[in-house]
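Reader: I am new to protein structures. Could you walk me through one, feature by feature?

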Amino acid sequence: MILYVPLCLTECRAQTDSVQQPGGDVTAAEGDSVTLGCHFNSSLSNYYLFWYKQEGNNRPTFILNRFKTGTGTTAEEFKERFSSSLDSVSRSVPLTIHNLHVSDSAVYYCALQPTVTGNSKTLYKNLHSRDKTIL
């Protein structure tokens, strides 16, 4: 499970923004289809959901994104077999992988954006060293 944890910089409001993915491994046979669940909460009226694939210790690879309005985008290498649609009513954005390949074995992450609130310049102004000098 990945949680959205806001960074409060100048002002904060009550946040309930999060994503929840069912835990555990999913096992399927090569050639099958599988759907990975993702439910979300967002206090914003316009939100963006993302799916990433992470193999081993490599950095996560962008698969696709979906918006509350519009269709979103899917990375070229995933367009043929990976699909998702955002359901605002059930607050879900499941990822379906068709015609599974052995190379699809990985960790899949669902993420909600925005993940930082406030003004990033304020963050840097608030960084101090031990002798109280601004970094």
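Author: Start with one pair of residues. Leu64 stands opposite Thr74 in strand E6. Keep in mind that this is a predicted model.

Reader: How many bridges join E5 to E6, and in which sense do they run?

Author: Here is the general idea. Strands of a sheet pair through backbone hydrogen bonds, either parallel or antiparallel. In this case two bridges join E5 to E6, and the strands run antiparallel. E5 and E6 form a hairpin with five residues between them. Look at the turn: Gly70 has a positive phi of about 95 degrees.

Reader: Which strand does E4 pair with, and over how many bridges?

Author: E4 pairs with strand E5, residues 61-67, in the antiparallel sense. There are six bridges. Tyr52 stands opposite Phe62 in E5. This hairpin of E4 and E5 has six residues between the strands. Gly56 takes a positive phi there, near 55 degrees.

Reader: What joins E4 to E9?

Author: Seven bridges join strand E4, residues 48-54, to E9. They run antiparallel.

Reader: Which strands form the open sheet of three?

Author: Read them in order: E2-E8-E7, paired antiparallel. E2 and strand E7 (82-84) are at the edges, each with a single partner strand, so one side of each is left without a neighbour in the sheet. From one strand to the next, the twist averages 25 degrees. Three bridges join E2 to strand E8, residues 95-97, and these two run antiparallel. Val34 stands opposite Ile97 in E8.

Reader: Let me step back. How many helices and strands are in the chain?

Author: The chain has one helix and nine strands. From the N terminus on, the elements run β-β-β-β-β-β-β-β-β-α. Of its 135 residues, 30% count as buried.

Reader: Which cysteines does a disulfide join?

Author: First the idea. A disulfide is a covalent bond between the sulfur atoms of two cysteines. Here the count comes to one. This disulfide joins Cys38 to Cys110, with S to S at 2.0 Å. The pair links distant parts of the chain, 72 residues apart. Cys38 sits in the loop between E2 and strand E3 (39-41), while Cys110 is in strand E9.

Reader: Why is the disulfide of Cys38 and Cys110 called left-handed?

Author: Check the torsion about the S-S bond. It is about -65 degrees, so the disulfide is left-handed.

Reader: Are Cys38 and Cys110 buried or exposed?

Author: Cys38 is buried, and so is Cys110. The cut-off for buried is under 20% relative accessible area.

Reader: Last feature. What volume does the largest pocket have, and which residues lie nearest its centre?

Author: Its volume is about 620 Å³. The pocket is lined by 27 residues. Nearest its centre lie Asp25, Val26, Leu36, Ala106 and Tyr108. Strand E2 (34-36) and strand E9 (107-113) are the elements that give two or more residues to the lining.

Reader: How does the lining of the largest pocket divide by class, and how many residues are charged?

Author: Three are charged. Another 16 are nonpolar, and eight are polar.

Technical notes: Residues numbered from 1 in each chain as written. Predicted model: local features only at pLDDT ≥ 70, side-chain atom pairs only at ≥ 80, totals over all residues. Heavy atoms only, no water. 1 Å grid on protein atoms, 1.4 Å probe; cavity = no way out; pocket = protein on both sides within 12 Å on 5 of 7 lines; lining within 4 Å. Points joined across faces, edges and corners; volume = space filled by probe spheres on them. Helix = DSSP H or I, 4+ residues; strand = E, 2+ residues; numbered from the N terminus. Nonpolar A, V, L, I, M, F, W, Y, C, P; charged D, E, K, R; others polar. Pairing = 2+ DSSP bridges. Axes fitted to C-alpha atoms, helices over the stretch in contact; angles between N-to-C directions. Disulfide = S-S within 2.5 Å. Buried < 20%, exposed > 50% of the residue type's maximum accessible area, 1.4 Å probe, protein only.
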